[in-house]
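Here is a short report on a protein model.

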Amino acid sequence: MAEFALRRLLGTVPVILGILAIAFVVLYLVPGDPAQTVAGPRASPEAIARIAAEMGLDRPLPERFLGYLRRLATGDLGRSAVSEKPVADSIVEKFPYTLKLTVMAMAFSISLGLLAGILGAMYRGGVVDRLCTVLSVAGISIPIFLFGLVFLYLLAGKLKWFPTSAYMAGDSWWPLVLPAFTLGVRSAAFLARIVRSSLIEVLNHDFIRTARAKGVPASRILFRHALVNALIPIITVIGLDLSSFLNGSVIVETIFDVPGLGRFAMEAILQRDYPVIQGIVLFSAFVFVFVNFLLDLVYAWINPRVRDEMFGKA
Amino acid sequence: MTGLWKRLSWTGRLSLVGILVLVGVALAAPRLVPHDPMETDPLRRLAKPTGWWVEVPAPPSEELSGPGAQPTPVVPDGLATPAGEAPDLSSGLSPGLSPGLSSGLSPGPSRPATVWRPGFWLGCDQYGQDVFSRLVYGTRLSLGIGFSARLFALAIGLTVGLLAGYFGGWADWLLMRLVDIFLAFPSLLLAIAISMVLGNGLLTVILAIGVVGWAETARIVRSQAMELRSAEFVQAAQTMGASHTRIILTHILPNCLPLIIVIFAMGMATAILAEASLSFLGLGADPALPTWGGMVAAGKDYLWVYPTLAIYPGCCIALVVILFNVLGDELRDVLDPGRKGSW
């Protein structure tokens, strides 16, 4: 297990290097001279040159990349071009909101998705199953911003069940409930499909038939025999969901005014604040890689066969 | 093809027909719209929906065929509509009377004061642009961008997947690490980064969505190619001395075709969603273009006074994506029974 963890950890190294390289190249290719941006529109050419030298922009590209890596290693993500605040500080300040949002969204998505998937598999072909299928296709297809706007208009605006803005959320969880639900709908729908199909597949196996023949109660078959074996695809989907949460948070936080990372990214995009955008993209990619690494460990722990398969195939 | 039609269930057929209809709408958009989707008019700002026809003051210079003449729908041809034709506020907002009624009400036979024009069936947006016409044109943009982006993604993904899967070894390792890297970026953020570098524009959006989509395609194609590589007919071809190119093109590729069709249909759904999300965030093509995502974004600011401005285009996106998802599911079940239900 330890060997597996180590090898898997080493496997993330090239990925991380690639992410860094891409992020660096993107920032390098962005139109406009960063020194000019910092110096302001009316700066003299000498001032721009001086700032460029200060920022190390006059050095060759590989050297700049190394310097960039060195800065990143010390946790320095640069400064915002607009507020001049260190990007890392802002991320630390805003991430808790996004994390809270994501955790709640995941709770919604797992509970709803499992419920719908189990119901679908239990009453396969029945009315409940069809309803769940229709709902999950709709949930996957309907854009998250449409959900957001409709929920905002109906549930928060017309029915006044929820606050219309989460900007002053502070430490409370309540204003984040509706945004989190919006964020969770899509992955709940996705999860429901996967749970249903993997449960159905497992339920066709011989050991389930044996259990049934032995007279094991249906609920016990479902939870002790089938669900445990359907766990692997379910975990995969939860891992994939993380990416959709990071994507979705940009949209959801914009709609509901959540002062988190997604909204921060959106503001930076509108202001063309490249260091901030780059910092957020990097941070998200790192979170994604790290969580996937953890999930792989969980996988291997649940199912030892995966350990061998992973290295046999890859 | 007819065999495929027979094997599809009714939901699959319905979605296929729906998609074909939408493609028809997209192709025929200029002939279907009652107004120029880009024509602004400050006097029609946020106007509520009108009836089928609206009465507008007759433009001074225009020849008219007589009182109560059957109104002819104006087919906008680019921006060629004469400036004088813009209806004014009062009549633009009044619910349209039927053309038949108007003949009785029309004033003098020599020179009627008003003419009938097609109404603004779904109202007007904050620039006074006709929402219906913009929705119709949006079909064109949405499907067009989605299709081009998928084609781009497929070209790269297919090449990488086939090469990695067929050759294996270090090429496979290298290409798959590349895939991992691209999959590690949250797709929307990657698309945002790309559109930042290349600036706003149609081509940028297509590239951004395509770049995001290719990695998934490559991964799926690779696993299929790996399976096929060890198939007997491929080994037979190798024994007979067929070149790698020949084997890939004549043996592996055709056997990947069903999979490719499925990936393409499903990918269309994702690509259209991605385009909508980018436009919603203001990173799509030119914001003045009638993209659905852009319309939702613009309508969002008027959510409390005019919710349908954002809801209608949102529903259009949802409809198209549902159709492609249902069709993709069906095709997967029909063309690729081995994978039924998985992924």
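## Chain B overall

Buried means under 20% relative accessible area, exposed over 50%, and partly exposed in between (1.4 Å probe, protein chains only). By that rule, 51% of the 343 residues of chain B count as buried. The model is predicted: local features need pLDDT of at least 70, side-chain atom pairs count only at pLDDT 80 or more, and totals for chains, interfaces and linings use all residues. Side-chain values use heavy atoms, without hydrogens and water.

Chain B has 13 helices and two strands. These are DSSP runs numbered from the N terminus: helices are H or I with at least four residues, strands are E with at least two. Contact means heavy atoms within 4.5 Å. Among contacts in chain B with a separation of 6 or more, 81% join residues 24 or more positions apart. Chain B exposes about 15400 Å², and carbon and sulfur atoms supply 67% of that area. The area comes from the Shrake-Rupley method with a 1.4 Å probe.

## Positive phi in chain A

Most residues other than glycine have a negative phi. Glu84(A) has a positive phi, near 65°. Glu84(A) sits in the loop between helix H4 (61–73) and helix H5 (87–122) of chain A.

Lys160(A) also has a positive phi, near 55°. The loop that holds Lys160(A) runs between helix H7 (144–158) and helix H8 (177–203) of chain A. Lys160(A) is exposed, at 63% relative accessible area.

## Aromatic pairs

The whole structure holds 13 aromatic pairs over all chains. Rings of Phe, Tyr and Trp (its six-membered ring) pair if their centres lie within 6.5 Å; planes under 30 degrees apart count as stacked, over 60 as edge-to-face, and the rest as tilted. One pair is Phe95(A) with Phe283(A): edge-to-face, 4.9 Å centre to centre, 80° between the planes. Phe95(A) lies in helix H5 and Phe283(A) in helix H13 (residues 274–302) of chain A, so the pair ties together parts 188 residues apart in sequence. Phe95(A) is partly exposed at 22%. Phe283(A) is partly exposed at 24%.

Phe145(A) and Phe280(B) are stacked, with centres 4.5 Å apart and planes at 5°. This pair crosses between chains, from helix H7 of chain A to helix H11 (residues 244–280) of chain B. Phe145(A) is buried at 0% relative accessibility. Phe280(B) is buried at 3%.

## Charge over a ring

Which residue lies over the face of Phe280(B)? Lys300(B) does, at 5.1 Å from the ring centre. The test asks for NZ of Lys or CZ of Arg within 6 Å of the ring centre and within 35 degrees of the ring normal.

Note on methods:
Residues numbered from 1 in each chain as written. Chains lettered and ligands numbered in written order.
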